[in-house]
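Thanks for asking me to look this one over. Here are my notes, in the order I would talk them through with you.

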Amino acid sequence: MNKNRQIKEAKVAEIKEKLEKSQSIVLADYQGLTVEEDTTLRKTLREAGVEYKVYKNNLVALAAKELGVEGLDAYLEGPVSIAFGYEDATAPARVLHTFAKDHKKLELKAGMVEGTLYNKAEIEQIATIPSKEVLIAKLLGSFKAPLSNVAYLLNAIKEKKESESAE
């Protein structure tokens, strides 16, 4: 077997592993970004726990086919980067979407969240979902508000009874 084929098979295996262990992926067209913009994007993605890679489209299509992922190859045209989200399923879409607002050269193409393929519009909707931590904080805040109101009410009743008994 020639060396080039071995390298390609290793890359396909690497892509398959990343696809299997990621909660979500987002495909983006990055053509036209400057080196400085790309460096900033990569840093932002890293800070969000997202891995960002550029692979040959035919290798990604082959890895997807071997995993039984349907429809992904339709979005693998032209220069495509892939953001892999391992911890937070919305992080790749959120970070890329936010970055694309200020950098028009970056364009989301599609994505996959927990095995379901989404087009550009659907991925942009997913990008608006807050992170898991923010959602938990909102949930806890919604639990806290009624309990705080009950505590204020009970305290007010107690103070009223104390003032009535003091008179």
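This is a predicted model: local features need pLDDT of at least 70, side-chain atom pairs count only at pLDDT 80 or more; totals for chains, interfaces and linings use all residues.

1. Residues are numbered from 1 along each chain as its sequence is written, and side-chain values use heavy atoms, with hydrogens and water left out.

2. The protein has six helices and five strands, where helices (H or I, at least four residues) and strands (E, at least two) are DSSP runs numbered from the N terminus. Their order from the N terminus is α-β-α-β-α-β-α-β-β-α-α. The radius of gyration (over C-alpha atoms) is 24 Å, well over the 15 Å from the globule rule for 167 residues (2.2 Å times the number of residues to the power 0.38), so the protein is more spread out than a compact globule. Along the principal axes, its C-alpha atoms fill a box of roughly 100 × 35 × 25 Å.

3. Of the 167 residues, 32% are buried, meaning under 20% relative accessible area with a 1.4 Å probe, protein chains only. Among contacts (heavy atoms within 4.5 Å) with a separation of 6 or more, 77% join residues 24 or more positions apart.

4. Please look at E114, in the loop between strand 4 (107-113) and strand 5 (116-119). Its phi is near 45°, a positive value in a residue other than glycine. E114 is exposed (over 50%), with a relative accessible area of 62%.
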